[in-house]
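Let's take a walk through this structure together, one piece at a time. Keep the picture open and turn it as you read.

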Amino acid sequence: MKHSFIDRYAALDSPLHLLDARTKLLGFTVLIGAVLLVPPGKPFAFFAYFFLTAALMGISQVPLTFVVARTLVILPFVLLAGLALPWRTGDGWTLFSTLLLRSTLSLILLILLTNTTRFAELLRGLRKLGCPRILAMNLGFLYRYLFVLTEEVMRMRQARDCRRVGSARPRAEMKLLGSMLGTLLLRSFERAERMYQAMLSRGSSGDFPILAPRRFSWRDPAFLAGLGLFIWMAEFLT
Amino acid sequence: MTEYAVRITRLQYTYPDGTKALEGIDLDVRTGERVALVGPSGAGKSTLLLHLNGVLTGAGTVRILGKALDGGDLREIRRQVGMVFQDPNDQLFCPTVFEDVAFGPLNLGIPQGEIPARVDKALRDVGLEQSMRYRSSHHLSLGERKRAAFAAVLVMEPAILALDEPTGNLDPRNRRHLIELVGGLPATLLLATHDLEMALSLCQRLVVMDRGKIWADGDARALLSDSRLMEEHGLEVPLSLRGH
(Lines give C-alpha, C1' and ligand atoms only; values in the text may rest on other atoms or scores of the structure.)
Protein backbone atom coordinates (compact mmCIF):
# COMPACT_ATOMS: atom_id res chain seq x y z
CA MET A 1 0.00 0.00 0.00
CA LYS A 2 1.27 3.49 -0.86
CA HIS A 3 1.03 6.00 1.97
CA SER A 4 1.04 9.77 1.89
CA PHE A 5 3.69 10.83 4.39
CA ILE A 6 3.60 14.31 5.85
CA ASP A 7 7.41 14.53 5.82
CA ARG A 8 7.85 13.26 2.26
CA TYR A 9 10.58 15.76 1.31
CA ALA A 10 12.24 15.96 4.72
CA ALA A 11 15.29 14.06 3.50
CA LEU A 12 16.36 16.84 1.08
CA ASP A 13 19.48 18.84 1.81
CA SER A 14 18.46 22.50 1.45
CA PRO A 15 19.64 25.26 3.83
CA LEU A 16 16.20 25.10 5.47
CA HIS A 17 16.57 21.35 6.03
CA LEU A 18 19.91 21.93 7.78
CA LEU A 19 18.38 24.08 10.50
CA ASP A 20 17.72 22.61 13.94
CA ALA A 21 14.13 21.46 14.47
CA ARG A 22 13.73 23.84 17.43
CA THR A 23 14.69 26.80 15.24
CA LYS A 24 12.13 25.85 12.63
CA LEU A 25 9.42 25.14 15.18
CA LEU A 26 9.97 28.52 16.82
CA GLY A 27 10.44 30.43 13.57
CA PHE A 28 7.48 28.95 11.73
CA THR A 29 5.20 29.26 14.77
CA VAL A 30 6.02 32.95 15.13
CA LEU A 31 5.64 33.47 11.39
CA ILE A 32 2.25 31.72 11.29
CA GLY A 33 1.20 33.77 14.33
CA ALA A 34 2.23 36.96 12.56
CA VAL A 35 0.28 35.98 9.43
CA LEU A 36 -2.81 35.18 11.48
CA LEU A 37 -2.59 38.54 13.25
CA VAL A 38 -2.49 40.65 10.07
CA PRO A 39 -5.66 42.76 10.30
CA PRO A 40 -8.16 42.86 7.41
CA GLY A 41 -7.53 45.56 4.82
CA LYS A 42 -3.71 45.39 4.96
CA PRO A 43 -2.88 43.94 1.54
CA PHE A 44 0.78 45.02 1.57
CA ALA A 45 1.46 43.03 4.71
CA PHE A 46 -0.04 39.95 3.06
CA PHE A 47 2.02 40.65 -0.04
CA ALA A 48 5.19 40.80 2.10
CA TYR A 49 4.36 37.48 3.82
CA PHE A 50 3.48 35.91 0.49
CA PHE A 51 6.88 37.01 -0.82
CA LEU A 52 8.63 35.53 2.23
CA THR A 53 6.70 32.25 1.94
CA ALA A 54 7.60 31.98 -1.75
CA ALA A 55 11.26 32.65 -0.91
CA LEU A 56 11.23 29.95 1.81
CA MET A 57 9.58 27.53 -0.60
CA GLY A 58 12.28 28.24 -3.19
CA ILE A 59 15.07 27.74 -0.63
CA SER A 60 13.51 24.53 0.68
CA GLN A 61 13.50 22.81 -2.75
CA VAL A 62 10.12 21.25 -1.91
CA PRO A 63 8.31 20.99 -5.29
CA LEU A 64 5.72 23.70 -5.92
CA THR A 65 3.26 21.15 -7.36
CA PHE A 66 3.42 19.14 -4.13
CA VAL A 67 2.79 22.22 -1.95
CA VAL A 68 -0.11 23.36 -4.16
CA ALA A 69 -1.66 19.88 -4.23
CA ARG A 70 -1.46 19.57 -0.44
CA THR A 71 -2.88 23.06 0.08
CA LEU A 72 -5.79 22.33 -2.27
CA VAL A 73 -6.70 19.26 -0.22
CA ILE A 74 -7.22 21.31 2.95
CA LEU A 75 -8.40 24.62 1.49
CA PRO A 76 -12.00 23.51 0.73
CA PHE A 77 -12.57 23.04 4.49
CA VAL A 78 -11.44 26.64 5.06
CA LEU A 79 -13.72 27.86 2.27
CA LEU A 80 -16.59 25.98 3.84
CA ALA A 81 -15.91 27.63 7.21
CA GLY A 82 -15.93 31.10 5.66
CA LEU A 83 -18.82 30.53 3.25
CA ALA A 84 -21.19 32.87 5.04
CA LEU A 85 -18.76 35.79 5.28
CA PRO A 86 -19.33 37.41 1.82
CA TRP A 87 -23.02 37.78 2.64
CA ARG A 88 -22.26 39.98 5.60
CA THR A 89 -22.97 43.63 4.91
CA GLY A 90 -20.08 46.00 4.49
CA ASP A 91 -16.75 44.26 4.99
CA GLY A 92 -17.89 40.70 4.11
CA TRP A 93 -15.62 40.22 1.10
CA THR A 94 -12.64 41.78 2.90
CA LEU A 95 -13.08 39.37 5.81
CA PHE A 96 -13.47 36.43 3.43
CA SER A 97 -10.32 37.30 1.45
CA THR A 98 -8.39 37.85 4.70
CA LEU A 99 -9.47 34.43 5.96
CA LEU A 100 -8.48 32.87 2.65
CA LEU A 101 -5.06 34.56 2.60
CA ARG A 102 -4.30 33.79 6.24
CA SER A 103 -5.29 30.13 5.83
CA THR A 104 -3.43 29.62 2.56
CA LEU A 105 -0.21 31.16 3.86
CA SER A 106 -0.41 29.28 7.16
CA LEU A 107 -1.05 25.98 5.37
CA ILE A 108 1.89 26.51 3.01
CA LEU A 109 4.15 27.35 5.95
CA LEU A 110 3.03 24.23 7.83
CA ILE A 111 3.64 22.10 4.75
CA LEU A 112 7.11 23.63 4.47
CA LEU A 113 7.82 22.98 8.15
CA THR A 114 6.84 19.32 7.98
CA ASN A 115 8.65 18.76 4.69
CA THR A 116 11.92 20.33 5.78
CA THR A 117 12.09 18.47 9.11
CA ARG A 118 11.80 14.74 9.70
CA PHE A 119 8.86 13.92 11.92
CA ALA A 120 11.23 12.34 14.44
CA GLU A 121 13.23 15.56 14.62
CA LEU A 122 10.07 17.61 15.01
CA LEU A 123 9.12 15.48 18.01
CA ARG A 124 12.61 15.79 19.41
CA GLY A 125 12.44 19.56 18.91
CA LEU A 126 9.07 19.70 20.67
CA ARG A 127 10.49 17.73 23.60
CA LYS A 128 13.46 20.06 23.89
CA LEU A 129 11.18 23.07 23.77
CA GLY A 130 9.35 21.79 26.81
CA CYS A 131 6.50 19.78 25.30
CA PRO A 132 5.44 17.09 27.84
CA ARG A 133 7.10 13.74 27.18
CA ILE A 134 3.82 11.84 27.15
CA LEU A 135 2.37 14.16 24.48
CA ALA A 136 5.43 13.87 22.22
CA MET A 137 5.43 10.10 22.70
CA ASN A 138 1.76 9.85 21.80
CA LEU A 139 2.26 12.01 18.71
CA GLY A 140 5.09 9.70 17.67
CA PHE A 141 2.98 6.59 18.18
CA LEU A 142 0.06 8.21 16.38
CA TYR A 143 2.19 8.98 13.34
CA ARG A 144 3.87 5.57 13.40
CA TYR A 145 0.70 3.53 13.83
CA LEU A 146 -1.65 5.61 11.73
CA PHE A 147 -0.34 3.78 8.68
CA VAL A 148 -0.65 0.38 10.33
CA LEU A 149 -4.25 1.19 11.30
CA THR A 150 -5.00 2.52 7.80
CA GLU A 151 -3.78 -0.77 6.35
CA GLU A 152 -5.92 -2.69 8.81
CA VAL A 153 -9.00 -0.64 7.84
CA MET A 154 -8.27 -1.23 4.15
CA ARG A 155 -7.98 -4.98 4.71
CA MET A 156 -11.24 -5.01 6.64
CA ARG A 157 -12.97 -3.08 3.87
CA GLN A 158 -11.62 -5.47 1.25
CA ALA A 159 -12.82 -8.44 3.32
CA ARG A 160 -16.27 -6.81 3.58
CA ASP A 161 -16.45 -6.05 -0.13
CA CYS A 162 -15.40 -9.60 -1.04
CA ARG A 163 -18.42 -10.99 0.79
CA ARG A 164 -20.97 -8.47 -0.35
CA VAL A 165 -22.86 -8.04 -3.59
CA GLY A 166 -24.43 -4.65 -4.28
CA SER A 167 -24.89 -1.93 -1.70
CA ALA A 168 -26.39 -2.52 1.72
CA ARG A 169 -29.24 -0.53 3.29
CA PRO A 170 -28.03 2.53 5.24
CA ARG A 171 -29.11 0.99 8.55
CA ALA A 172 -27.27 -2.27 7.84
CA GLU A 173 -24.28 -0.29 6.61
CA MET A 174 -24.16 1.71 9.84
CA LYS A 175 -24.38 -1.49 11.89
CA LEU A 176 -21.53 -2.99 9.91
CA LEU A 177 -19.46 0.17 10.27
CA GLY A 178 -20.03 0.08 14.03
CA SER A 179 -18.83 -3.50 14.33
CA MET A 180 -15.82 -2.73 12.11
CA LEU A 181 -14.88 0.19 14.34
CA GLY A 182 -15.29 -2.01 17.42
CA THR A 183 -13.03 -4.66 15.89
CA LEU A 184 -10.48 -2.00 15.00
CA LEU A 185 -10.53 -0.70 18.57
CA LEU A 186 -9.98 -4.19 19.99
CA ARG A 187 -7.16 -4.88 17.55
CA SER A 188 -5.54 -1.55 18.41
CA PHE A 189 -5.82 -2.38 22.10
CA GLU A 190 -4.17 -5.76 21.54
CA ARG A 191 -1.44 -4.15 19.45
CA ALA A 192 -0.80 -1.60 22.18
CA GLU A 193 -0.32 -4.49 24.63
CA ARG A 194 2.18 -6.20 22.33
CA MET A 195 4.02 -2.92 21.73
CA TYR A 196 4.31 -2.39 25.46
CA GLN A 197 5.70 -5.91 25.82
CA ALA A 198 8.21 -5.18 23.04
CA MET A 199 9.25 -1.96 24.82
CA LEU A 200 9.71 -3.80 28.12
CA SER A 201 11.74 -6.48 26.36
CA ARG A 202 14.26 -3.87 25.33
CA GLY A 203 14.72 -2.48 28.79
CA SER A 204 12.23 0.40 28.64
CA SER A 205 10.98 1.87 31.85
CA GLY A 206 8.41 4.08 30.12
CA ASP A 207 10.78 6.82 29.03
CA PHE A 208 11.88 7.49 25.45
CA PRO A 209 15.60 8.18 25.47
CA ILE A 210 16.89 10.44 22.72
CA LEU A 211 20.06 10.35 20.69
CA ALA A 212 20.27 13.80 19.11
CA PRO A 213 22.16 14.00 15.82
CA ARG A 214 21.67 17.68 14.87
CA ARG A 215 22.92 20.65 16.88
CA PHE A 216 22.55 24.42 16.77
CA SER A 217 24.86 26.18 14.33
CA TRP A 218 25.35 29.81 13.28
CA ARG A 219 22.54 29.31 10.75
CA ASP A 220 19.91 28.96 13.48
CA PRO A 221 20.22 32.36 15.21
CA ALA A 222 20.76 33.95 11.78
CA PHE A 223 17.50 32.46 10.50
CA LEU A 224 15.55 33.53 13.60
CA ALA A 225 17.03 37.05 13.53
CA GLY A 226 16.24 37.42 9.81
CA LEU A 227 12.71 36.21 10.36
CA GLY A 228 12.20 38.56 13.31
CA LEU A 229 13.47 41.51 11.28
CA PHE A 230 11.17 40.66 8.38
CA ILE A 231 8.12 40.35 10.64
CA TRP A 232 8.95 43.68 12.29
CA MET A 233 9.24 45.34 8.88
CA ALA A 234 6.02 43.75 7.64
CA GLU A 235 4.17 44.93 10.74
CA PHE A 236 5.43 48.46 10.95
CA LEU A 237 6.36 49.45 7.42
CA THR A 238 3.28 48.22 5.57
CA MET B 1 29.96 -19.54 31.85
CA THR B 2 26.74 -21.00 33.28
CA GLU B 3 25.89 -24.49 32.08
CA TYR B 4 22.24 -23.66 31.60
CA ALA B 5 21.11 -20.57 29.75
CA VAL B 6 17.47 -21.14 30.71
CA ARG B 7 16.02 -23.20 33.58
CA ILE B 8 12.27 -23.25 33.93
CA THR B 9 10.61 -25.19 36.74
CA ARG B 10 6.88 -25.82 37.18
CA LEU B 11 5.89 -22.71 35.31
CA GLN B 12 2.18 -21.97 35.22
CA TYR B 13 0.43 -19.00 33.70
CA THR B 14 -3.24 -18.09 33.37
CA TYR B 15 -4.36 -15.08 31.33
CA PRO B 16 -6.66 -12.55 33.04
CA ASP B 17 -9.66 -13.97 31.11
CA GLY B 18 -9.06 -17.35 32.77
CA THR B 19 -7.37 -19.11 29.84
CA LYS B 20 -4.71 -21.47 31.13
CA ALA B 21 -1.74 -20.85 28.86
CA LEU B 22 1.01 -22.77 30.63
CA GLU B 23 0.60 -25.74 32.97
CA GLY B 24 3.62 -27.03 34.88
CA ILE B 25 6.31 -26.38 32.28
CA ASP B 26 9.77 -27.77 33.06
CA LEU B 27 12.46 -26.88 30.55
CA ASP B 28 16.23 -26.63 30.72
CA VAL B 29 18.22 -25.19 27.84
CA ARG B 30 22.01 -25.45 27.86
CA THR B 31 24.18 -22.51 26.89
CA GLY B 32 24.64 -22.47 23.11
CA GLU B 33 21.83 -24.97 22.53
CA ARG B 34 19.21 -24.39 19.85
CA VAL B 35 15.70 -25.42 20.74
CA ALA B 36 12.59 -25.25 18.59
CA LEU B 37 9.21 -24.93 20.29
CA VAL B 38 6.52 -26.32 18.03
CA GLY B 39 2.84 -26.94 18.43
CA PRO B 40 -0.53 -25.80 17.18
CA SER B 41 -1.73 -22.19 17.57
CA GLY B 42 -2.63 -21.48 21.19
CA ALA B 43 -0.21 -24.12 22.49
CA GLY B 44 1.52 -21.58 24.75
CA LYS B 45 4.76 -21.12 22.78
CA SER B 46 4.64 -17.30 22.64
CA THR B 47 3.50 -17.10 26.27
CA LEU B 48 6.47 -19.22 27.29
CA LEU B 49 8.88 -16.96 25.40
CA LEU B 50 7.42 -13.87 27.10
CA HIS B 51 8.40 -15.41 30.44
CA LEU B 52 12.06 -15.50 29.50
CA ASN B 53 12.59 -11.80 30.12
CA GLY B 54 9.92 -11.18 32.69
CA VAL B 55 7.37 -9.50 30.44
CA LEU B 56 4.92 -12.08 31.80
CA THR B 57 5.36 -13.60 35.21
CA GLY B 58 3.60 -16.80 36.13
CA ALA B 59 3.87 -19.15 39.09
CA GLY B 60 7.02 -21.28 39.20
CA THR B 61 10.65 -20.33 38.67
CA VAL B 62 12.53 -19.06 35.65
CA ARG B 63 16.31 -18.71 35.83
CA ILE B 64 18.22 -17.00 33.04
CA LEU B 65 21.98 -17.60 33.00
CA GLY B 66 21.78 -18.59 36.63
CA LYS B 67 19.79 -15.55 37.74
CA ALA B 68 16.21 -15.84 38.94
CA LEU B 69 13.71 -13.58 37.19
CA ASP B 70 12.29 -12.46 40.51
CA GLY B 71 15.77 -11.65 41.81
CA GLY B 72 15.52 -7.96 40.93
CA ASP B 73 18.07 -8.02 38.09
CA LEU B 74 15.48 -7.66 35.36
CA ARG B 75 17.46 -4.98 33.49
CA GLU B 76 20.45 -7.30 33.03
CA ILE B 77 18.19 -10.23 32.12
CA ARG B 78 16.45 -8.14 29.44
CA ARG B 79 19.85 -7.26 28.02
CA GLN B 80 20.72 -10.94 27.86
CA VAL B 81 17.44 -12.16 26.35
CA GLY B 82 16.76 -10.75 22.90
CA MET B 83 13.11 -11.15 22.05
CA VAL B 84 11.98 -10.90 18.43
CA PHE B 85 8.22 -10.60 18.12
CA GLN B 86 6.03 -12.24 15.51
CA ASP B 87 4.79 -8.98 13.99
CA PRO B 88 7.61 -6.48 13.40
CA ASN B 89 5.06 -3.66 13.55
CA ASP B 90 4.72 -4.36 17.27
CA GLN B 91 8.43 -4.04 17.75
CA LEU B 92 9.25 -1.08 15.55
CA PHE B 93 7.55 1.83 17.27
CA CYS B 94 10.13 4.60 16.89
CA PRO B 95 9.99 7.21 14.12
CA THR B 96 13.08 5.89 12.30
CA VAL B 97 14.91 2.59 11.90
CA PHE B 98 17.98 4.09 13.56
CA GLU B 99 16.03 5.12 16.64
CA ASP B 100 14.31 1.76 16.82
CA VAL B 101 17.62 -0.07 16.77
CA ALA B 102 19.13 2.40 19.24
CA PHE B 103 16.14 2.14 21.61
CA GLY B 104 17.41 -0.94 23.49
CA PRO B 105 21.03 0.24 24.00
CA LEU B 106 19.81 3.67 25.15
CA ASN B 107 17.53 2.07 27.72
CA LEU B 108 20.25 -0.26 28.91
CA GLY B 109 22.56 2.65 29.65
CA ILE B 110 25.16 1.94 26.96
CA PRO B 111 27.28 5.12 26.47
CA GLN B 112 25.74 7.36 23.78
CA GLY B 113 29.05 7.62 21.91
CA GLU B 114 29.12 3.87 21.28
CA ILE B 115 25.56 3.57 20.07
CA PRO B 116 25.78 4.81 16.42
CA ALA B 117 28.59 2.33 15.65
CA ARG B 118 26.66 -0.50 17.30
CA VAL B 119 23.51 0.40 15.37
CA ASP B 120 25.45 0.47 12.09
CA LYS B 121 26.98 -2.93 12.83
CA ALA B 122 23.60 -4.45 13.71
CA LEU B 123 22.06 -3.07 10.50
CA ARG B 124 25.01 -4.43 8.49
CA ASP B 125 24.69 -7.83 10.17
CA VAL B 126 21.07 -8.19 9.15
CA GLY B 127 21.81 -6.99 5.62
CA LEU B 128 20.06 -3.63 5.78
CA GLU B 129 21.66 -0.80 3.85
CA GLN B 130 22.89 2.26 5.72
CA SER B 131 20.53 4.37 3.61
CA MET B 132 17.66 2.88 5.61
CA ARG B 133 19.03 4.32 8.84
CA TYR B 134 16.76 7.34 8.86
CA ARG B 135 13.81 5.82 7.07
CA SER B 136 10.61 5.24 8.92
CA SER B 137 9.76 1.58 9.41
CA HIS B 138 6.48 2.03 7.55
CA HIS B 139 8.59 2.79 4.45
CA LEU B 140 10.04 -0.73 4.62
CA SER B 141 8.83 -3.99 3.13
CA LEU B 142 7.81 -6.77 5.53
CA GLY B 143 11.12 -8.58 4.98
CA GLU B 144 13.06 -5.40 5.73
CA ARG B 145 10.93 -4.75 8.82
CA LYS B 146 11.69 -8.24 10.10
CA ARG B 147 15.40 -7.56 9.58
CA ALA B 148 15.13 -4.21 11.34
CA ALA B 149 13.36 -5.92 14.27
CA PHE B 150 16.24 -8.42 14.36
CA ALA B 151 18.79 -5.60 14.30
CA ALA B 152 16.93 -3.94 17.19
CA VAL B 153 17.58 -7.08 19.24
CA LEU B 154 21.05 -8.04 17.96
CA VAL B 155 22.36 -4.57 18.84
CA MET B 156 21.95 -5.48 22.52
CA GLU B 157 24.30 -8.46 21.94
CA PRO B 158 22.02 -10.90 23.77
CA ALA B 159 23.27 -14.25 25.00
CA ILE B 160 19.84 -15.80 24.40
CA LEU B 161 17.63 -15.22 21.38
CA ALA B 162 13.90 -15.85 21.69
CA LEU B 163 12.25 -15.77 18.28
CA ASP B 164 8.50 -15.89 17.85
CA GLU B 165 7.49 -17.03 14.36
CA PRO B 166 10.38 -15.25 12.64
CA THR B 167 9.50 -16.49 9.14
CA GLY B 168 5.75 -15.81 9.34
CA ASN B 169 4.45 -14.05 6.16
CA LEU B 170 7.89 -13.91 4.59
CA ASP B 171 8.49 -14.70 0.92
CA PRO B 172 10.86 -17.63 0.18
CA ARG B 173 13.92 -15.48 -0.44
CA ASN B 174 13.52 -13.42 2.74
CA ARG B 175 12.78 -16.62 4.66
CA ARG B 176 16.04 -18.16 3.42
CA HIS B 177 17.98 -14.97 4.31
CA LEU B 178 16.52 -15.03 7.78
CA ILE B 179 17.35 -18.70 8.34
CA GLU B 180 20.94 -18.02 7.20
CA LEU B 181 21.14 -15.03 9.50
CA VAL B 182 19.88 -16.92 12.56
CA GLY B 183 22.03 -19.94 11.67
CA GLY B 184 25.15 -17.80 11.83
CA LEU B 185 24.46 -16.35 15.28
CA PRO B 186 26.35 -17.78 18.26
CA ALA B 187 23.55 -17.15 20.81
CA THR B 188 21.47 -19.76 22.61
CA LEU B 189 18.28 -20.02 20.60
CA LEU B 190 14.65 -20.61 21.50
CA LEU B 191 12.54 -20.63 18.42
CA ALA B 192 8.73 -20.76 18.53
CA THR B 193 7.55 -21.65 15.06
CA HIS B 194 5.11 -23.39 12.75
CA ASP B 195 7.84 -23.58 10.12
CA LEU B 196 8.99 -27.12 10.80
CA GLU B 197 11.53 -27.13 7.98
CA MET B 198 13.21 -24.14 9.58
CA ALA B 199 13.08 -25.83 12.99
CA LEU B 200 14.77 -28.86 11.44
CA SER B 201 17.49 -26.84 9.72
CA LEU B 202 18.31 -24.63 12.73
CA CYS B 203 17.71 -26.69 15.86
CA GLN B 204 19.08 -29.95 17.17
CA ARG B 205 16.41 -30.16 19.86
CA LEU B 206 12.66 -29.96 19.54
CA VAL B 207 9.98 -29.40 22.16
CA VAL B 208 6.38 -30.20 21.24
CA MET B 209 3.86 -28.04 23.11
CA ASP B 210 0.11 -28.32 23.12
CA ARG B 211 -2.57 -26.91 25.43
CA GLY B 212 0.04 -25.32 27.69
CA LYS B 213 2.04 -28.49 28.29
CA ILE B 214 5.19 -30.09 26.95
CA TRP B 215 4.34 -33.40 25.29
CA ALA B 216 7.69 -34.36 23.82
CA ASP B 217 11.25 -33.12 24.13
CA GLY B 218 14.18 -34.61 22.23
CA ASP B 219 16.11 -34.84 19.01
CA ALA B 220 14.49 -32.62 16.38
CA ARG B 221 14.87 -35.04 13.48
CA ALA B 222 13.52 -38.00 15.45
CA LEU B 223 10.49 -36.14 16.80
CA LEU B 224 9.64 -34.47 13.52
CA SER B 225 9.74 -37.87 11.78
CA ASP B 226 7.21 -39.30 14.24
CA SER B 227 4.02 -38.96 12.21
CA ARG B 228 1.78 -40.09 15.06
CA LEU B 229 3.19 -37.54 17.47
CA MET B 230 2.91 -34.84 14.85
CA GLU B 231 -0.69 -35.68 14.05
CA GLU B 232 -1.72 -35.89 17.70
CA HIS B 233 -0.60 -32.30 18.19
CA GLY B 234 -1.90 -30.70 15.02
CA LEU B 235 1.42 -30.85 13.19
CA GLU B 236 2.72 -32.57 10.07
CA VAL B 237 5.96 -34.35 9.26
CA PRO B 238 8.03 -31.88 7.20
CA LEU B 239 8.24 -32.67 3.49
CA SER B 240 11.99 -33.20 3.68
CA LEU B 241 11.49 -36.05 6.17
CA ARG B 242 8.67 -37.83 4.36
CA GLY B 243 9.50 -41.08 2.57
CA HIS B 244 9.32 -40.81 -1.22
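A bit of housekeeping. This is a predicted model, where local features need pLDDT of at least 70, side-chain atom pairs count only at pLDDT 80 or more, and totals for chains, interfaces and linings use all residues. Residues are numbered from 1 along each chain as its sequence is written, while chains are lettered from A and ligands numbered from 1 in the order in which they are written.

Let's stay with chain A and look at its helices. Helices (H or I, at least four residues) and strands (E, at least two) are DSSP runs, numbered from the N terminus. Now find helix H5 (residues 119-128) of chain A: 8 of its 10 residues are buried, so H5(A) is largely enclosed by the rest of the structure. Among those buried residues are A:Phe119, A:Leu122, A:Leu123 and A:Arg127. What do the buried residues of H5(A) pack against? They pack against helix H1 (21-36) and helix H6 (133-162) of chain A, together with H4 of chain B. Just after H5(A), A:Gly130 takes a positive phi of about 105 degrees.

A:Gly58 has 12 C-beta neighbours inside 10 Å, so it counts as exposed. Its C-alpha atom is separated by 30 Å from that of A:Ala81, 23 residues apart along the chain.

Next, see where the chains meet. Two residues are in contact if their C-beta atoms, placed from the backbone, lie within 7 Å. The contact takes 27 residues from chain B and 22 residues from chain A. On the side of chain B that touches chain A, the elements giving two or more residues are helix H2 (74-80), helix H3 (88-91) and helix H4 (97-107) of chain B. H4(B) gives the largest share of that side, 6 residues.

Now for chain B's sheets. Two strands pair if DSSP finds at least two bridges between them. One open sheet has 4 strands in the order S2-S1-S4-S5 (chain B), with antiparallel pairing. S2 and strand S5 (67-68) of chain B stand at the edges, each with a single partner strand, so one side of each is left without a neighbour in the sheet. Strand S1 (residues 4-14) and strand S2 (residues 20-30) of chain B run antiparallel and are joined by 7 bridges, with B:Val6 opposite B:Val29 in S2(B). S1(B) and S2(B) form a hairpin with 5 residues between them, and B:Gly18 in the turn has a positive phi of about 100 degrees.

There is also an open sheet of 6 strands, in the order S6-S7-S8-S3-S9-S10 (chain B), with mixed pairing. Strand S6 (81-84) and strand S10 (213-219) of chain B are at its edges, each with a single partner strand, so one side of each is left without a neighbour in the sheet. Inside the sheet, 4 bridges join strand S3 (residues 34-38) to strand S8 (residues 188-192) of chain B, which run parallel. There, B:Ala36 stands opposite B:Leu191 in S8(B).

B:Leu191 turns up again in the packing. A nonpolar core is a set of buried Ala, Val, Leu, Ile, Met, Phe, Trp, Tyr and Cys residues joined through C-beta atoms within 7 Å. The largest one has 80 residues, and those with the most contacts inside it are B:Val101, B:Ala151 and B:Leu191. Helix H6 (residues 142-154) of chain B provides the largest share of this core, 7 residues. Apart from it lies another core, of 29 residues, among them A:Leu16 and A:Leu122.

Finish with a backbone detail: B:Glu157 has a positive phi of about 50 degrees although it is not a glycine. B:Glu157 is found in the loop between H6 and strand S7 (160-164) of chain B.

Terms used
Buried ≥ 20, exposed ≤ 12 C-beta atoms within 10 Å, placed from the backbone.
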